[in-house]
Amino acid sequence: MKGINKAGKIFHPEPTIIDVNGKKIGSKEIAIIAGPCSVETEEQITSIAEEVKHLGAGFLRGGAFKPRTSPYAFQGLKYEGLELLKRAKEKTGLPIVTELMSPYDIEVFERDVDVIQIGARNMQNFDLLKELGKTTKPILLKRGLSATIEEWIMSAEHIMAGGNENVILCERGIRTFETYTRNTLDLSAVLAAKELTHLPVIVDPSHAAGKWWMVESLSKAAIAVGADGLIIEVHNNPEEALCDGDQSIKPKRFGQLVDDLRKVANAVGRDI
Ligand code: PEP
Ligand code: MN
């Protein structure tokens, strides 16, 4: 593929392992990131964080700045959300994975966040990507809603060209003619990204399916195909969630899923 330089394997044949406060993404051990779509209250985020940690998650997700299709939908608690994530981290030790939308907030994110998520809608926000190239924080780069694999990898290249080589690719489903599911999970993109780059590749089954009951099977399929990790939406009260309740699984199911995933991981030479 033309244009791949720092993300490609020619000058970097060995797989990149990203260190997040001592926890690894891209190693033999599968990385499990779990938590609600959005941070809602202190009680919500800390109790979900405690549960998912106990059940096997290594990282906590939770949106504070939310890119919503409608300007009238819940936009996230913003800076207050970051404060609540920090409290959940203090209680559990789980590193924070949360979405950055604006270059103006990079300094705050560098200070408060462990993995900066770049959402599908910002995958080709090149000015934002260039600014991220100047940090050393791990970046979780989601695939754009209608981005080709090449475009997705070139976005990683934009971050890496600036000097930040800590990029994790995340397949989260793409827009196809199908409307039954929210998006179409492209598992072949995991294989392609791992063939073309040395970067860790994880899968988000929640945004791919948009349906909670598909999340467990898609998670297993992702690990079977060789993904290095998963980012899964977990909510203790999905019916009342302010965002993405339909695709969120409850902690109990998450616990069972981690146990099942361990068997799939072992079958493909990985650990959880
Ligand atoms: C999210 O992770 O909550 C999110 C908005 O994801 P995406 O950018 O993949 O739609
Ligand atoms: Mn979501």
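Predicted model: local features only at pLDDT ≥ 70, side-chain atom pairs only at ≥ 80, totals over all residues.
Student: Where should I begin with the strands? Which of them form the barrel?

Tutor: Start with how strands join. Strands of a sheet pair through backbone hydrogen bonds, either parallel or antiparallel. Here, a closed barrel of eight strands runs S3-S4-S5-S6-S7-S8-S9-S10, and the pairing is parallel. Neighbouring strands of this sheet are turned against each other by 25° on average, direction ignored.

Student: How many bridges link S3 and S10?

Tutor: Five bridges, in the parallel sense. S3 covers residues 31-35 and S10 covers residues 229-233.

Student: Which way do the side chains of S8 point?

Tutor: In a regular strand the side chains alternate between the two faces of the sheet. In S8, Val-167, Leu-169 and Glu-171 point one way, while Ile-168 and Cys-170 point the other way.

Student: Is S8 enclosed or open, and why?

Tutor: Five of the five residues of S8 (residues 167-171) are buried, so S8 is largely enclosed by the rest of the structure. Glu-171 is among the buried residues.

Student: What lies across S8?

Tutor: Helix H6 does; it lies across S9 (201-203) as well, running at about 170° to S9.

Student: Now the helices. At what angle do H5 and H6 pack?

Tutor: For a helix pair, read the angle, the axis distance and the handedness. H5 (residues 149-161) and H6 (residues 187-196) pack at about 45°, with their axes 11 Å apart. The two helices are therefore oblique to each other. Their crossing is right-handed.

Student: Which residues meet there?

Tutor: From H5, Ile-149, Trp-152 and Ile-153. From H6, Ala-189, Ala-192, Ala-193 and Leu-196. By class, the contact has seven nonpolar residues, no polar and no charged.

Student: How do H1 and H2 cross?

Tutor: At roughly 35°, with axes that come within 9 Å. H1 takes residues 42-55 and H2 takes residues 79-92. H1 passes H2 in a right-handed crossing.

Student: Which residues of H1 and H2 meet?

Tutor: H1 brings Glu-42, Ile-45, Thr-46, Ala-49, Glu-50 and Lys-53. H2 brings Leu-84, Leu-85, Arg-87, Ala-88, Lys-91 and Thr-92. The contact has five nonpolar, two polar and five charged residues.

Terms used:
Residues numbered from 1 in each chain as written. Chains lettered and ligands numbered in written order. Heavy atoms only, no water. Axes fitted to C-alpha atoms, helices over the stretch in contact; angles between N-to-C directions. Helix = DSSP H or I, 4+ residues; strand = E, 2+ residues; numbered from the N terminus. Parallel < 35°, antiparallel > 145°, perpendicular 65-115°, else oblique. Left-handed = near helix turned anticlockwise from the far one by under 90°. Contact = heavy atoms within 4.5 Å. Nonpolar A, V, L, I, M, F, W, Y, C, P; charged D, E, K, R; others polar. Buried < 20%, exposed > 50% of the residue type's maximum accessible area, 1.4 Å probe, protein only. Pairing = 2+ DSSP bridges.
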